[in-house]
Amino acid sequence: MSSSRRIAVILGVGPGLSTSIAKSLSTTHSLVLLSRSLPDSLPKLNLPSTIPKENILALSSDGSTSSLQKAFEDLKKHWPEGRVDVGIYNVNEKFNLNGFLDKKEEDLRRGLESGVVGAWNLSQSLLPLFLSNSPDPATGAKGVLLFTGATMSLKAGEKFSSLAPGMFARRALSQSLAREFGPQGVHVGHVIIDGIIDTQAVKGMMGENGNKRLQPDDIAQTYLSLVNQPRSAWTQELDLRPDNEQW
């Protein structure tokens, strides 16, 4: 597949990191933005007016197989000759900080759905498209698939029993896909966000304290650098934290 229009697909789009990633990719890619609340919530993202409206396709998807199938059908109709070569999985389940004995099986299932099942489904939608691409002249990649991780991808704190298993599994999925598809020209990476992101929602709950939090636009620059990494030196996993974060 060859086309002058490059397309990036981001699942889990809302105000904060995913919007910053979209902005960082907008100079080279048309954007397919997916979440449960889109397209109705698109104005709330406050994307800069410098991104042409015709380069944004906002669609509804909850990460299920059926919703992604519909979204990719709509993408194909909208940009039939486009080259899909970037995918970002940035879905997060709302925190449930009840103790383990106060949680139910459905809490765990929700954590697994957002943590790994949606990531699996997005990967199955994207990878055939990536493999049909010719290698990028600059990087050698046929596609780049990035997963957003968290501190609990590596260590499960107390009261995270319904969320951490899915994040552990998301990390495992990224490793398995990297080993299988890296030799076929697909760069698969896992970005561990080890700290609090300074979003408007966080400011509303915790107040202003930006110098001790990760800035979404700064994190997005790391995603952009991963997208542009040459094939001879691909990163599979990295972690990001502010300089004052205890780890």
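## Helices H3 and H4

In this predicted model, helix H3 (105-131) meets helix H4 (residues 164-181) along a list of residues from each helix. On the H3 side the residues are Leu108, Gly111, Leu112, Ser114, Gly115, Val116, Ala119, Trp120, Ser123, Leu127 and Leu131. On the H4 side they are Pro165, Gly166, Met167, Ala169, Arg170, Leu173, Leu177 and Phe181. An α-helix has 3.6 residues a turn, so residues three or four places apart point the same way.

The axes of H3 and H4 come within 8 Å. They cross at roughly 20°. Angles under 35 degrees count as roughly parallel, so H3 and H4 are roughly parallel to each other. Their crossing is right-handed.

## Helix H1: an enclosed element

Helix H1 covers residues 17-25. Of its 9 residues, 8 are buried, so the rest of the structure largely encloses H1. The buried residues are Leu17, Ser18, Thr19, Ser20, Ile21, Ala22, Ser24 and Leu25.

## Helix H6 and its packing

H6 has 12 residues. From first C-alpha to last it reaches 17 Å, close to the 16 Å expected at 1.5 Å a residue. Its buried residues are Pro216, Ile219, Ala220, Thr222, Tyr223, Leu224, Leu226 and Val227. These pack against H1, E4, E5, strand E6 (186-193) and strand E7 (237-240).

The H1 and H6 axes come within 8 Å and cross at roughly 50°. H1 and H6 are therefore oblique to each other. This crossing, too, is right-handed. H1 contributes Leu17, Ser20, Ile21, Lys23, Ser24 and Leu25 to the contact. H6 contributes Pro216, Asp217, Ile219, Ala220, Gln221, Tyr223, Leu224 and Val227.

## Asn90: a buried loop residue

Asn90 sits in the loop between E4 and H3. Its relative accessibility is 7%. The cut-off for buried is under 20%, so Asn90 counts as buried.

The Asn90 side chain makes a polar contact with the side chain of Thr148, at 2.8 Å. Leaving out residues up to four places away in sequence, Asn90 touches Leu11, Gly12, Leu17, Ser18 and Thr148. Two of these partners, Leu17 and Ser18, are among the buried residues of H1.

## Leu31 in strand E2

Leu31 belongs to strand E2. With a relative accessible area of 0%, Leu31 is buried. Beyond its neighbours within four places in sequence, Leu31 is in contact with Ala8, Ala22, Leu25, Ser26, Ile51, Asn55, Ile56, Leu57 and Trp79. Ala22 and Leu25, both in this set, are also buried residues of H1.

Leu31 and Lys159 are 128 residues apart along the chain. Their C-alpha atoms are separated by 36 Å.

## Backbone features in the loops

The loop between E2 and strand E3 (56-60) holds Pro39. A cis peptide bond joins Leu38 to Pro39, with omega about 5°. Asn46 lies in the loop between E2 and E3 as well. Phi of Asn46 is near 55°, a positive value in a residue other than glycine. Asn46 is exposed, with a relative accessible area of 63%.

Lys159 is found in the loop between E5 and H4. Lys159 is not a glycine, yet it has a positive phi of about 70°. Its relative accessibility is 43%, so Lys159 counts as partly exposed.

## The segment before E1

Ser4 lies in the segment before E1. Ser4 is exposed, with a relative accessible area of 78%. Glu54 is 50 residues away from Ser4 along the chain. The C-alpha atoms of Ser4 and Glu54 are separated by 15 Å.

Terms used: Residues are numbered from 1 along each chain as its sequence is written. This is a predicted model: local features need pLDDT of at least 70, side-chain atom pairs count only at pLDDT 80 or more; totals for chains, interfaces and linings use all residues. Side-chain values use heavy atoms; hydrogens and water are left out. Buried means under 20% relative accessible area, exposed over 50%, partly exposed in between (1.4 Å probe, protein chains only). Helices (H or I, at least four residues) and strands (E, at least two) are DSSP runs, numbered from the N terminus. The expected span of a helix is 1.5 Å times one less than its number of residues. Contact means heavy atoms within 4.5 Å. A polar contact is a pair of N or O atoms within 3.5 Å; within protein, one must be able to donate a hydrogen and the other to accept it, and residues adjacent in sequence count only if both atoms are side-chain atoms. Axes are lines fitted to C-alpha atoms, for helices over the stretch in contact, and angles run from 0 to 180 degrees between N-to-C directions. Angles under 35 degrees count as roughly parallel, over 145 as roughly antiparallel, 65 to 115 as roughly perpendicular and the rest as oblique. A crossing is left-handed if the near helix is turned anticlockwise from the far one by less than a right angle, and right-handed if clockwise.
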